[in-house]
Each structure stands twice: as C-alpha cells, then as structure tokens.
Amino acid sequence: MAIYIDDVSRTFGEYLFIPGLTTKQCIPSNVSLTTPLVKYKTADKESALKLNIPFVSAIMQSVSGPELAIELARNGGLSFIFASQSIDMQAEMVRKVKKFKAGFVISDSNLKPDSTLQNVIDLVNKTGHSTIGVTHNGAPNGKLLGLITNRDYRPEKDALDKKVEEFMTPFASLITGKLGITLTDANQIIWDNKLNTLPIIDQNNNLVYFVFRKDYDNHRENPNELSGKDKTLLVGAGINTRDYRERVPALVEAGVDVLCIDSSDGYSEWQRETIAWVKKNCENIPVGAGNIVDKEGFDFLANAGADFIKVGIGGGSICITREQKGIGRGQATSLIDVAKARNEYLKSTGYYIPICSDGGLVHDYHMVLALAMGADFLMMGRYFARFDESPTQKLRIGNNYVKEYWGEGSNRAQNWQRYDNGGAESLKFEEGVDSYVPYAGKLKDNLDITLSKIKATMCSCGALTIDELQRNAKINLVSSTSIVEGGAHDVILKEKG
C-alpha cells in the first residue's frame, strides 16, 4: 500500500516569530546577510562562492534577463539566466553581465574614423552607451585614434554625414592609462583630471579597456556588490537535462560562475546524470539541483554531487503543478524536513550543502521565516518580475500599471524541458499560468525596503547573522484567527492618495 506521511503540509503564513532578547548590539547596521551559495567542507570554514544578500532570481523568461542580473548582482544577489532559449542567446546574456563590471570594461561601442554622425546616433540608440571608442578598424581592440561622447556633437545642428574624425576628441588630446595599471590608480587618474572615461591602452596604443567614473560612483553606492576577483559581476545560468552537453560548454566559455538544473522535479536519474557530466567535464563550475521537498530527495541529490539544492514544488504564485498533478508539499514543511536532512548529512560527511527555498513567499516576513527554518538563500520570481529591470513589458490596465509574468510551465513559455519525463519533445499540459503582477518601480528602491524589514525582524529575534537566526529563532504555529488579528481590523481605513 501507499506510504502515508502523518505531518500536516504547512505554509509560511501559518507561523510567526516570538521575539528573542534584543541586545544593544542588535541593530540593523550590525546585521550581516552574507550566506554560502555552494557546498564546502566545514574544515575549510567557508564557501568558495557566497552571496552578500540571500536572494537569487528565478530561472524564468519573465524574470532573469541580463538587466536584472546586473542590477541584482550590484546589490549583492545573483540571477540565474533562464534556460528556455537557444544556447547562443543564453550565452550572450551571460556575456552581457560579465562585460558590465565596475572596473576594466571591454568596449562594445566602437567606430572607424570614416564613420558618420548618423552611424554614431544609430550606435547610441542601439547600445544606450554615450561613450564610443574610435579605432583604426572599428574593433574593440583596434588602435585607438580618438573618443566620442555626447558632448562632441549636436544632432539637431550637425550634418548627419559628417565624418567622425572631424568631431571626435583625437588621441593626442586624450589622457590614457597603460595596460597593467591597477583599478585604484586608474580611478585616481580619473579623479585628478576630472575625467568621465579613462581609456586603457597597450604598448602599441591598441584600446584594451575603458574605466568609467560612474562605475566608481556606483560601487560606492552599492557596497554589497557581488563580484569576483576580476571585478566582474557574478552571474548564474539555468540548464536542463536534455542539451547540457552542448549548453554547459557554451555558458562556461561565456564566463558563467554557477549553474543550476532547472526542473520542477529534481528527484530523478536525469539530474544525477547531468550533475555527473558537469562534474567530470567542468570541474571548476558548481552546479545546483532540484527541486525536491523531502529528505529522500535531498539525500539523492547530495550523493549525486549537487553544490546546492533547491526546495519547493508547486508553491510559486504562477505554478499549478499541485492542481494538475497532485504533486507537492507545503513550503514550510518541505524546508523544515530538508534542513534536518542537510544537517544530518553535514554530521555524517563534514560537507555543508546550502539549500535554496524556491516558492511560497507572499510577505517579506515569510523570507525571514524561510531563512530561520534552514534556507541559506531564497529564489524568487514574482518578487523580481515587478521591477523595471525584469524583461517583460510594463502595461496599463485600468488605472494600474502592471508587468507581465508567466510560468515556465505555461503554454507561453513552452519550456517542456523543465517538466521532461522522457519521450517526445513537447509540453503535454500546462503547469504554470500567464499573468500580471503590480508594477513596483526600480529594483534597488524596493530591495532596500525588503532588506530593512528582514534586518529589523532578525534584530527582534536577537540574531545578527543568518546562522544565529537558524540557531536561536523561536517560531510558533498560529491559528487562522490570530492571523486575522495581526492585520488592521475593527477600524475604518482612510483612503490613500
């Protein structure tokens, strides 16, 4: 007969924190949200890759494009570029993120001296970049002959066929840095000479990099920026269990930092085979796996070699897997069970495998509950889909602005690989919906508010780190009526506006 699980399947909304002692040290400015991203041996004391905030964006067409990946990394988190697209397109999105670095930037806006003002305008409209390198062959590493910024021409007055060499700032008038210069010294030259851009050239005067003043300013404004030793922003990418032999090498060549198998059900032999292939052929690239909801699923992927494991089936706001297949588990219960399995695995092997909570988050305080219940970081789709930086359109419906948001299991996404059970290459039925989410503005503005709430809640629990939160938080199961009591009630609310 079937195996019955006696535990009730519970969600985050059924729990509240009980305050712990808030000491004088428990203030938001002292809270650290740094958390491990990939597996490590506890004797080594820390993970090779860490997040500065415990947020990653979902592997979804409507969420994780290069613009959001850049902005999230600048604020301390990580995006996984969606896999439901061609290999070349996904690899190019990874390259776009890696090129955007607060430091030495390879120029991707370049022209030849015999190009015209019309060519300049077209290039600016295409790339959005106001600084253009003029090289002898129009290549990013050609001999530097000059520089163009928006201060060098007036489209409304200058002839559109005017040659670039007639209005560019010539090489003789440029201040440059030599290849090998440190970023600190390059920024000092920019500061001393009141520059916006410093070209870096080699011994033959070939353009190698640009260093921008705005990147230095941006870095100061984003102290949590998630970047590697080479100063490039960190970025992840999703993969599937079908074309990984072709997709993974292309992503590695593009500079990806971490991979994650994108699947609704990670407890499968296909995932084990995919992990084994990545480990054998790309030994320096960590790969996460999932999704699972219990100890058996965790142990299977842990033994397969997963570097982190995603928890959650059917809890996403656009996911209808539970309706369609009757498969899933309440996210809070899933996380508690898997966290126990993770801790048991740590005791028996000495390896700590981070777990990622994916789905089920409605309110910001749910994020803190997920972390307290054992998650090292959170994967979110709806939360990020609302922002300017997500790839979808902003629309006006009635009096409200919204952004489109669709699931990878929807007919619109056609991501059959995510739900692959072998056989024909097609989506048999939908496990996701096509929807809208309220437009919320810029990522940074909203993220700052969310992080403030998280830190304030942690302080009320007497915790300054995620590890302390997991060890010391007191969590209470609550009744439905006490949840109602926790909101505004028995009053007439004033209309806003």
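The largest pocket holds about 1200 Å³ of space. The model is predicted. Its lining counts 38 residues, and the structure also holds 12 aromatic pairs.

**Largest pocket**
- Gly 128, His 129, Ser 130, Phe 212 and Lys 214 are the lining residues nearest the pocket centre.
- Five elements each give the lining at least two residues: helices H1 (66–74), H2 (87–99) and H6 (213–221), and strands S12 (197–201) and S13 (207–212).
- Helix H1 contributes the most, with four residues.
- The lining splits into 14 charged, 13 polar and 11 nonpolar residues.

**Aromatic pairs**
- Among the 12 aromatic pairs, Phe 80 and Phe 308 are tilted, because their planes meet at 50 degrees, with ring centres 5.9 Å apart.
- This pair links distant parts of the chain, 228 residues apart: Phe 80 is in strand S6 (residues 78–81), and Phe 308 is in the loop between helix H9 (295–304) and strand S17 (309–311).
- Phe 80 is buried, at 0% relative accessibility. Phe 308 is buried too, at 0%.
- Tyr 267 and Phe 300 make another tilted pair, 5.2 Å centre to centre with 55 degrees between the planes.
- Tyr 267 sits in the loop between strand S15 (258–261) and helix H8 (269–281) and Phe 300 in helix H9, so the pair ties together parts 33 residues apart in sequence.
- Tyr 267 is partly exposed, at 40% relative accessible area, whereas Phe 300 counts as buried at 17%.

**Cluster and charges over rings**
- Phe 55, Tyr 383, Phe 384 and Phe 387 form one aromatic cluster.
- Arg 386 places its charged end over the ring of Tyr 383, 4.9 Å from the ring centre.
- Lys 394 lies over the face of Tyr 401, 5.2 Å from the ring centre.

Note on methods: Residues numbered from 1 in each chain as written. Predicted model: local features only at pLDDT ≥ 70, side-chain atom pairs only at ≥ 80, totals over all residues. Heavy atoms only, no water. 1 Å grid on protein atoms, 1.4 Å probe; cavity = no way out; pocket = protein on both sides within 12 Å on 5 of 7 lines; lining within 4 Å. Points joined across faces, edges and corners; volume = space filled by probe spheres on them. Nonpolar A, V, L, I, M, F, W, Y, C, P; charged D, E, K, R; others polar. Phe/Tyr/Trp six-rings, centres within 6.5 Å; stacked < 30°, edge-to-face > 60°. Buried < 20%, exposed > 50% of the residue type's maximum accessible area, 1.4 Å probe, protein only. Lys NZ or Arg CZ within 6 Å of the ring centre and 35° of its normal.
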